[in-house]
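Hi,

Here is the model I said I would pass on. Have a look at it first, and my notes follow below.

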Amino acid sequence: MLRHGRFYIALFLFSNVLINFADRVNLSVAAPEIARSFHWDPARMGWIFSAYLWTYTILLIPAGWLVDRFGTRLISSLSIIVWSTAAMLTGAVTNLAGMIAARSALGVGEAAAMPACNKVVRQWFPANERGLATAIFHSGVFVSAAVGGPLVAWLVIHTGWRWSFVIMGSAGFLWLVCWLIWFAPPEDARWLSEKERQHILESRDRVQGPGQPFWPVARTLLRQPATWGLALTEGCVNYMNYMFLAWLPSYLVQDRGMDLMKAGLFSAIPYATGIVLELCFGHLSDRVLSHSRWKAGGRRNQVIVFLLLSTVILLINAVHSQWAIIAIISLALAFNTTTVTLMYALTNDLVEDPGVAGAAFGFMLLGGNVFGMAAPIVTGYMVKAAGNFSGAFIVAGLLPLLGAATAWLLTRKPIHGVHV
């Protein structure tokens, strides 16, 4: 289990991801009211759902490099200022252009969040704790949907969709104050005990040198098969993740006849289930891997298993009971998000040079978000054409098979730094 100081850092990262995804979930839950207010059809809403991913995806690699170059404390601070401001401004939009601009600004701010969180894991946690640490911070995705979904639904009903964005977006500034007061690398954290500091510094696999210029780092990473394998596998994982984040409440309202409040509550159940499973599987991932296995990318096999398990979503079109639907979605999302956790830990395992870890995560997340960017749009057009979500679930259920094959073939070698 994690010691006190490292546990607090994991909670810091958890709260960052919680706020990050709550600001994304806000649009998902408020979507039926926004669509009604502006008379926007599902295809147009699909474009709005994906708008933040345009800038987010483009900036992932530069943002990861900035984390390597200037450190997690500064870049995380700038990141949350930009995205929280954009989230609050979403409540003031009056037309399609304004909505797309606000969502694009959200993507600019959030691009550095995941590279920074994973970089902090590299700084603070020994390799045999990465799975659990990653599961703790990434469970913020589930908690944001489990808690944020009903909360946003309540805010939309009682304050209107515009104020829901203002209220939810303001949470980021509270986090920023705490971050600036307490966070530092373990070498410089004054509140950390000397015993734990010494353990962290002795257990880390390497000490990071000075950050490298952008283009040598990019060229080095692009020449390595594992970089491409991680990016493509993450894409096959993220498609389902983003489809649910964007469309799950709308699916429950449109295809399953729920009202908005009930859809918000039912949307929370799969994510609440996933919290427990993700933490358990993340901890188990660390326990079953020896030092030699994680160095050799042994988490690859776990990624493949959970990708295959997430294809359970293909059963969704064959059931009719509301509780059977929620059970299938719960399992699929738990397996899917556990795969994301394992992918993050696998990336940290494969990257030999901490000085390129942020950029490597940028490349991995770029692949994930190219697919993720397509998910809301493709789903929107498929729903518009068919009048239901059946075909969209088939696409989401087949992509993990491609991801499993990619992980098996292309993540077999470590990722080297510029100096190699």
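**What I found**

Setting aside neighbours within four places in sequence, A153 is in contact (heavy atoms within 4.5 Å) with V29, L260 and M261. A153 sits in helix α6; helices here are DSSP runs of H or I with at least four residues, numbered from the N terminus. With 0% relative accessibility, A153 counts as buried, where buried means under 20% relative accessible area with a 1.4 Å probe and protein chains only. From A153 to T379 the distance is 22 Å in space, C-alpha to C-alpha, and 226 residues in sequence.

Before the rest, the ground rules. This is a predicted model, so local features need pLDDT of at least 70 and side-chain atom pairs count only at pLDDT 80 or more, while totals for chains, interfaces and linings use all residues. Residues are numbered from 1 along each chain as its sequence is written, and side-chain values use heavy atoms, with hydrogens and water left out.

Does the length of α3 agree or disagree with what its residue count predicts? It agrees: α3 has 18 residues (72–89), which should span 26 Å at 1.5 Å a residue, and its end C-alpha atoms are 26 Å apart. The expected span is 1.5 Å times one less than the number of residues.

The buried residues of α3 are T72, I75, S76, S77, S79, I80, W83, S84, A86 and A87. They pack against α1 (4–38), α2 (42–70), α4 (96–110), α5 (113–124), α7 (161–169) and α8 (171–182).

Q123 counts as buried because its relative accessibility is 14%. Not counting residues up to four places away in sequence, Q123 touches T72, F183, P186, I200 and R204.

**Cavities and a pocket**

Rolling a probe the size of a water molecule over the atoms shows where empty space is left. I used a 1 Å grid over the protein atoms alone: a cavity is a set of points where a 1.4 Å probe fits but cannot get out, a pocket is an open set with protein on both sides within 12 Å along at least five of seven lines, and lining residues have an atom within 4 Å of a point. Grid points are joined across faces, edges and corners, and a volume is the space filled by probe spheres set on the points.

That gives four cavities of 30 Å³ or more. The largest cavity holds about 100 Å³ of space, and its lining is R24, V25, L27, S28, F49, Y52, L53, R103, Y242, L245, A246 and P376. Two or more of these residues come from each of α1, α2 and α11 (225–254), and α1 gives the most, with four. By type, the lining of the largest cavity has nine nonpolar residues, one polar and two charged.

As for open space, the second largest pocket has a volume of about 190 Å³. Residues lining this pocket include L59, L66, I75, V82 and V108, and the elements giving two or more residues are α2, α3 and α4.

**Aromatics**

Rings of Phe, Tyr and Trp (its six-membered ring) pair if their centres lie within 6.5 Å; planes under 30 degrees apart are stacked, over 60 edge-to-face and the rest tilted. The count is 24 aromatic pairs. W161 and F165 form an edge-to-face pair, 6.1 Å centre to centre with 85° between the planes. They are about one helical turn apart, being four residues apart in helix α7, and W161 and F165 are both buried.

The pair F306 and F335 is tilted, because the ring centres are 6.1 Å apart and the planes are at 50°. F306 lies in α14 (299–309) and F335 in α15 (322–350), so this pair ties together parts 29 residues apart in sequence.

Finally, F49, F244, W247, Y251, F389 and F393 form one aromatic cluster.

Cheers

Key:
Buried < 20%, exposed > 50% of the residue type's maximum accessible area, 1.4 Å probe, protein only. Nonpolar A, V, L, I, M, F, W, Y, C, P; charged D, E, K, R; others polar.
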